[in-house]
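What follows is a short report for a reader who is meeting this structure for the first time. Please look over the sequence and the model before reading on.

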Amino acid sequence: GNVMTLAYSVAGALLSIVLMAICKKINAFSVVGTSIVGGVSHNAGQILVAMFLFDTVQIGYYMIVLAITGTIAGVFVGLAGALLLKRLNKTHKKK
């Protein structure tokens with residue numbers, strides 16, 4: 001990629017990490033809920049960077065589509081994470 005790709009990726013990653021950490025700290029959501037927050041906020045971070053770089057708010061309308069796809073991805077990642085945690089807890093208890 002290039003510097004632009006890096007800017008989008010870093011913005012999305014930082015926003016999603018911060019918001020998921022807050023969700024975990026205050027115990028606001030389940031693993032799936034926290035994952036959804038991460039998926040949607042990652043997209044929001046990227047949209048915010050695009051709005052800033054292109055100096056237009058019209059790009060923000062794309063967030064509607066990205067919120068849906070971020071939610072769907074968040075559900076699948078969250079379910080996989082919850083399953084992994086469940087299995088790890090079972091394995092850890094056996095020792």
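Leaving out residues up to four places away in sequence, Met20 touches Thr34 and Gly38. The model shown here is a predicted one, and the account below starts from this residue and then follows its surroundings.

In sequence Met20 and Val37 are 17 residues apart, while in space the distance from C-alpha to C-alpha is 6.5 Å. Thr34, one of the residues that Met20 touches, is found in helix 2. Because its relative accessibility is 13%, Thr34 counts as buried, the cut-off for that word being under 20% relative accessible area. When neighbours within four places in sequence are left aside, Thr34 is in contact with Met20, Cys23 and Phe29.

**Ser16, Ser41 and the residues beside them**

Which residues does Ser16 touch, not counting residues up to four places away in sequence? They are Gly38, Ser41 and His42, and Ser16 itself has its place in helix 1. Ser16 is buried, since its relative accessible area is 7%.

Ser41 is found in helix 2, which covers residues 31-54, and at 5% relative accessibility Ser41 counts as buried. Apart from residues up to four places away in sequence, Ser41 touches Gly12, Leu15, Ser16 and Leu19.

Leu15, one of the residues touched by Ser41, has its place in helix 1. With a relative accessible area of 28%, Leu15 is partly exposed. Residues up to four places away in sequence again being left out, Leu15 touches Ser41, Ala44 and Gly45. The C-alpha atoms of Leu15 and Leu84, which are 69 residues apart along the chain, are separated by 24 Å.

His42 has its place in helix 2 and, at 27% relative accessibility, counts as partly exposed. Not counting residues up to four places away in sequence, His42 touches Ser9, Gly12, Ala13 and Ser16. Along the chain His42 and Tyr8 are 34 residues apart, and their C-alpha atoms are separated by 9.2 Å.

The C-alpha distances given for these residues are gathered in the table.

| Pair | Separation along the chain | C-alpha distance |
|---|---|---|
| Met20 and Val37 | 17 residues | 6.5 Å |
| His42 and Tyr8 | 34 residues | 9.2 Å |
| Leu15 and Leu84 | 69 residues | 24 Å |

**Two loop residues with a positive phi**

Most residues other than glycine have a negative phi. Asn27, although it is not a glycine, has a positive phi of about 55°. Its place is in the loop between helix 1, residues 3-25, and helix 2, and at 63% relative accessibility Asn27 counts as exposed. Asp55 is not a glycine either, and has a positive phi of about 50°. Asp55 is found in the loop between helix 2 and helix 3, and with a relative accessible area of 69% Asp55 is exposed.

**Surface patches**

Where does Tyr61 have its place? Tyr61 lies in the loop between helix 2 and helix 3, and counts as exposed because its relative accessibility is 61%, the cut-off for exposed residues being over 50%. Together with Ile64, Ile68, Ile72 and Phe76, Tyr61 makes a nonpolar surface patch of about 600 Å².

A positive surface patch, in turn, is formed by Lys86, Arg87, Lys90 and Lys94. Of these residues, Arg87 lies in helix 3, which covers residues 63-94, and at 57% relative accessibility Arg87 counts as exposed.

Methods: Residues numbered from 1 in each chain as written. Predicted model: local features only at pLDDT ≥ 70, side-chain atom pairs only at ≥ 80, totals over all residues. Heavy atoms only, no water. Patch = residues over 30% accessible without salt bridge, like charges linked within 9 Å, V, L, I, M, F, W, Y side chains within 5 Å. Areas by Shrake-Rupley, 256 points an atom, 1.4 Å probe, with all protein chains shown as cover. Salt bridge = Lys/Arg side-chain N within 4 Å of Asp/Glu carboxyl O. Lys, Arg positive; Asp, Glu negative; His and termini not counted. Charge placed at Lys NZ, Arg CZ, Asp CG, Glu CD. Helix = DSSP H or I, 4+ residues; strand = E, 2+ residues; numbered from the N terminus. Buried < 20%, exposed > 50% of the residue type's maximum accessible area, 1.4 Å probe, protein only. Contact = heavy atoms within 4.5 Å.
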